[in-house]
Amino acid sequence: MAAARRGDRGAFQSLFERYHRRAYALALGVVRNSDDALDLVQDAFIKAHKHLERFEGNASFYTWLYRIVMNLAIDHLRKQRRQKPVELDETATQEALDDSLLPKILGGNPGRALMDKQIRARIDAALDSLSENHRAVLVMRELDGLSYEEMADAMGCSKGTIMSRLFHARKNMQKQLADLFDVQGAA
Amino acid sequence: MTKPTDSDDNHDLGELVRGHLELSADDVPAPRFDQMWREIDQSIAEPVAAPALGVWGTVTQWLDRKLGYIITGVASAGAVAAIALVMHGGGGGTVDNTDVSAPAFGGAPAQLESLETPGGTATVMEMHDEDGDATVIWVTSDDIEGQDNP
């Protein structure tokens, strides 16, 4: 990190190699479009390099990069929202998208369940069905374990709003993936 | 067997979301990220802004840019000052005495209200010619008969 701050491009490339997929997962989780997420990650690294001198050495580079990616992703959502208004009802619930799938067995091993492409498609559909605010909070929490305060800071709203959004996001996801959880409970 | 709690469900949901997104990131082919790095590298390799100049550097840079205007302004001001000096006959302080002209008596001729010449007779003549105007006083003594006395 220190070498990158001194202008060593090789050192900055090492940071890119280390964090680009993680940053992409975050961006994809929020914006839900692969091309947009890739553009966003590229912009984030360029921005990070441009402002390297502002980076405080006592924080991890990823934490700093995370903030940049998240800010860009939220800006992206806001622009999209201006173009196509979306429902932001905090209490809205979504119907299950695909009832034809046979129940899958999580069996206490979500990692193994992810090997199933159908389950992953279900997760994608469930994430897509969430409102942007609900999805952003869920991804921040589940992917990187941010605290309520950190999420409130990132999204510019109160801690209570974050708690509410996370609660409803989880409930909506569980409802749409209910068959997976039911089977798990019966196992 | 214990019934799964909300906490268990949240944990499993978190695992699903995190695992799914990480696998989605792994699905992107490496060449796509290689291309991304090349574009980032190209972008950050472009020359950055010039270093700070400081006060003196800023002043000299400003002078470099404005030198033409400054020269034009100074030349114009000098020309105006020279014209003003010529119009007012030179700046004060020194007087050139090398070319002193005789006082001119032009204008109205002398006006004599009275002229007493004891022992003589005075004649006042006013002369007007191309050299100008002059007044001549001619006095003749009464004591010497027949002698002219200028």
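**Where the chains meet**

Guide: This is a predicted model. In the contact, chain A takes part with 30 residues and chain B with 29 residues.

Visitor: Which helix gives the largest share of the side of chain A that touches chain B?
Guide: That is H2(A), which supplies 9 residues. Among the other elements that each supply at least two residues are H3, helix H6 (117-129) and helix H9 (159-176) of chain A.

Visitor: And what classes of residue are on that side of chain A?
Guide: The side of chain A that touches chain B has 16 nonpolar, 9 polar and 5 charged residues.

Visitor: Back to H2(A) and H3(A). At what angle do they pack?
Guide: Helix H2 (residues 9-31) and helix H3 (residues 34-50) of chain A pack at about 140°, and their axes are 8 Å apart.

Visitor: So what do you call that arrangement of H2(A) and H3(A)?
Guide: Angles over 145 degrees would count as roughly antiparallel, so H2(A) and H3(A) are oblique to each other. Their crossing is right-handed.

Visitor: Which residues make the contact?
Guide: From H2(A) they include Phe12(A), Phe16(A) and Tyr24(A), and from H3(A) they include Leu38(A), Val41(A) and Phe45(A). By class, the residues of this contact of H2(A) with H3(A) are 13 nonpolar, 3 polar and 1 charged.

Visitor: New topic: how many helices and strands does chain B have?
Guide: Chain B has 3 helices and 2 strands, and from the N terminus on they run α-α-α-β-β.

Visitor: How many of the residues of chain B count as buried?
Guide: Of its 150 residues, 7% do.

Technical notes
Residues are numbered from 1 along each chain as its sequence is written. Chains are lettered from A and ligands numbered from 1 in the order in which they are written. This is a predicted model: local features need pLDDT of at least 70, side-chain atom pairs count only at pLDDT 80 or more; totals for chains, interfaces and linings use all residues. Axes are lines fitted to C-alpha atoms, for helices over the stretch in contact, and angles run from 0 to 180 degrees between N-to-C directions. Helices (H or I, at least four residues) and strands (E, at least two) are DSSP runs, numbered from the N terminus. Angles under 35 degrees count as roughly parallel, over 145 as roughly antiparallel, 65 to 115 as roughly perpendicular and the rest as oblique. A crossing is left-handed if the near helix is turned anticlockwise from the far one by less than a right angle, and right-handed if clockwise. Two residues are in contact if their C-beta atoms, placed from the backbone, lie within 7 Å. Ala, Val, Leu, Ile, Met, Phe, Trp, Tyr, Cys and Pro count as nonpolar, Asp, Glu, Lys and Arg as charged, and the others, Gly among them, as polar. A residue is buried if 20 or more other C-beta atoms lie within 10 Å of its own, exposed if 12 or fewer, and partly exposed in between; C-beta atoms are placed from the backbone.
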